[in-house]
Amino acid sequence: MRGSVGRATASDGGRLLGSRRPRPTVPTPRDLAHLSDEAVVALAARSEEAALGELYDRYGAACYRLARRIVRDPALAEDVVQEAFLAIWRGAARFVPERARASAWIMTLVHRRAVDIVRREERRRALPLGEDHDERADESAESVVWLRLERERVQRALAQLPDQQRETLELAYYGGFTQSELAERLGRPLGTIKSQMFTGLQNLRGLIDAQAKEGSWQTS
Amino acid sequence: MADELMHDLAAGYALDALSPDEERLFEAHLAHCPSCQAAVAAFVETAAELAFASPPVQEPAELRDRILAAARREGGTVVAIRPRWAYPALAAAAVAACLAIGFGVWAAVLQSRQASVAALRGIPVRGAAGSIVVGPHGEAALVVSGMAPPPAGKTYELWVMRGAAAEPAGLFAPHGKGTVVVRLTRRVPRGARVGVTVEPAGGSPRPTTRPIVVSAPL
């Protein structure tokens, strides 16, 4: 690929629309493992199927866990993840690395679809926000160890937030409630909910950055 | 809604916690508010961290193959309509908002974010920051941002171009540098391109200048 990790330009459009014959320079999956997420997205933008597979290998498990947490239902969660990856496939050419990390983009695509579904399934959302542990993943595999570390890192930051900020963020993000619904459900003024979201995200960022600086997430 | 009220929506937007109405209003605001764009960019990164706090569950082993098979069936021709992340090239938020305006009845479809959004396709253009949005039956609109107004006494004219033939598809003249949505007056068949030329005010039956904007084939 010789560093051609930029976005597909409009002039690539015709070619993208044309044949999909394999190019001699298509990297093998093994090569992809050494590329940044953003570079792999750029390859996906060129309709490189291996790149989409690589993104799934990196984030598929995290995506499925998020989808499961929000929609609860395994079949719906699969649909969410599949839709999100097709959105990656279609939208990769428009992804702009300067604006966001690819991982954040991917998780946002999943989150958005999961929330859309859970809002349609009112009944499901009425369930308490518990965590499913009935079919725990085997986390001993090396490939998912980082997921456990990531989870512990974010959970530790969340635990340090003031209770109401944490509650607001969790119900919004995992529960799929809108800010107006939260105001009603929690019996707080809408302005309070908005500022709890605002301050909660700001504080969370600060806590996560502080952890990263200390490296404290490496120890448990 | 006042701008200060809009700024308050940035966190809720990043958490996908706005109602459809709030979201539409905020996206329209976002398109021309650099400080909200910066706030959203930061909040989105932080919100995405929350994804990783989800409890461990085992993903189905066959999901990967299913996704790749579905991607293969789609090919590489479709550009997502709702690229929340692409606003440098083309304020994507503005596109989403303007699509709703430009497509009338499709607004409901877009706002509800249902699967039928897939029926709309975005086709890249060269020469301007924007795209052509095409419906299932060739209905199309040009969505561009930052295009200067045409010179005095001139207009922009849209064309549906097939090979050497070009058929007029409407006139437009943006006033400012915002985002404009122009619905084409004729449907665009598969394989045709959409172009824009500068023409004398009132338009021309055939292009008299070289196109300044050309789309990829639809």
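Helix 6 of chain A is mostly covered, with 15 of its 19 residues buried. A residue is buried if 20 or more other C-beta atoms lie within 10 Å of its own, exposed if 12 or fewer, and partly exposed in between, with C-beta atoms placed from the backbone. Helices (H or I, at least four residues) and strands (E, at least two) are DSSP runs, numbered from the N terminus. The model is predicted: local features need pLDDT of at least 70, side-chain atom pairs count only at pLDDT 80 or more, and totals for chains, interfaces and linings use all residues. Residues are numbered from 1 along each chain as its sequence is written, while chains are lettered from A and ligands numbered from 1 in the order in which they are written.

Start with the length of helix 6 of chain A. Its residues 102–120 should span 27 Å at 1.5 Å a residue, and the end C-alpha atoms are 28 Å apart, which agrees. The expected span is 1.5 Å times one less than the number of residues.

Now cross to chain B. Helix 6 of chain A packs on helix 4 (residues 34–51) of chain B at about 70°, with the axes 9 Å apart. Axes are lines fitted to C-alpha atoms, for helices over the stretch in contact, and angles run from 0 to 180 degrees between N-to-C directions. The two helices are therefore roughly perpendicular. Angles of 65 to 115 degrees fall in that class; under 35 is roughly parallel, over 145 roughly antiparallel, and the rest oblique. From chain A, A:S103, A:A104, A:M107, A:T108 and A:H111 meet B:V44, B:E45, B:A48 and B:A51. Contact here puts C-beta atoms, placed from the backbone, within 7 Å. Ala, Val, Leu, Ile, Met, Phe, Trp, Tyr, Cys and Pro count as nonpolar, Asp, Glu, Lys and Arg as charged, and the others, Gly among them, as polar.

Chain B itself has seven helices and eight strands. Buried residues make up 48% of its 218 residues.

Back in chain A, look at helix 4 (residues 49–71) and helix 5. Their axes come within 9 Å and cross at roughly 140°. That makes helix 4 of chain A oblique to helix 5 of chain A. The residues of their contact divide into 16 nonpolar, one polar and one charged.

Helix 5 of chain A covers residues 74–91 and includes A:G91. A:G91 is buried, because 25 other C-beta atoms lie within 10 Å. A:G91 and A:A45 are 46 residues apart in sequence but 7.4 Å apart in space, C-alpha to C-alpha.

Definitions and conventions: Two residues are in contact if their C-beta atoms, placed from the backbone, lie within 7 Å.
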